[in-house]
Amino acid sequence: MTTTEAEGTGAATPTGAPETPGAVPASTAEHAVHGYHDHKQEHLKRLRRIEGQIRGLQRMVEEDQYCIDILTQVSASTKALQSFALQLLEEHLRHCVADAAVRGGDEVEEKVAEATRAIARMLRT
């Protein structure tokens, strides 16, 4: 399913939250090949590993593990997600922003602003 097909269908996002129409900027649907395309399988493997860490957290709570041990695993999971996000951001800059810079015009300003907003969101977490 493409990004535009998912919009308005109420399809779940990877986080499980339903998508709302207009939630995905049009600029993300412009390219048939995104910056992460060449490493897609590696990214999926990494995300499955992180998903396993989260399931491990659930199991720790179910088994009444010690609070500090759970917090240590929360920290590890958080770092893994942050590392993944940084890799994805780098690929976005190298592919999408660089491509827009080559084409010139207003699109490069849009892509830089978009990347800046993404960085700001990452810093707030």
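The buried residues of helix H2 pack against helix H3 (67-103), where buried means under 20% relative accessible area, exposed over 50% and partly exposed in between (1.4 Å probe, protein chains only). Packing here is judged by contact, that is, heavy atoms within 4.5 Å. In H2, the buried positions are His 43, Ile 50, Gly 56, Leu 57 and Met 60. The model is a predicted one, in which local features need pLDDT of at least 70 and side-chain atom pairs count only at pLDDT 80 or more, while totals for chains, interfaces and linings use all residues. Residues are numbered from 1 along each chain as its sequence is written, and side-chain values use heavy atoms, with hydrogens and water left out.

Helix H2 itself covers residues 40-62; its 23 residues reach 33 Å from first to last C-alpha, close to the 33 Å expected at 1.5 Å a residue, the expected span being 1.5 Å times one less than the number of residues. Just after H2, Asp 64 adopts a positive phi of about 55°.

Turning to the whole protein chain, there are 4 helices and 0 strands, taken as DSSP runs (helices H or I, at least four residues; strands E, at least two) numbered from the N terminus. The order of elements is α-α-α-α. Of the 125 residues, 22% are buried. Among contacts between residues at least 6 apart in sequence, 49% join residues at least 24 apart.

As for the cysteines, Cys 67 is exposed, at a relative accessible area of 55%, whereas Cys 96 is buried, at 5%. The structure holds 0 disulfides, a disulfide being a pair of cysteine sulfur atoms within 2.5 Å.
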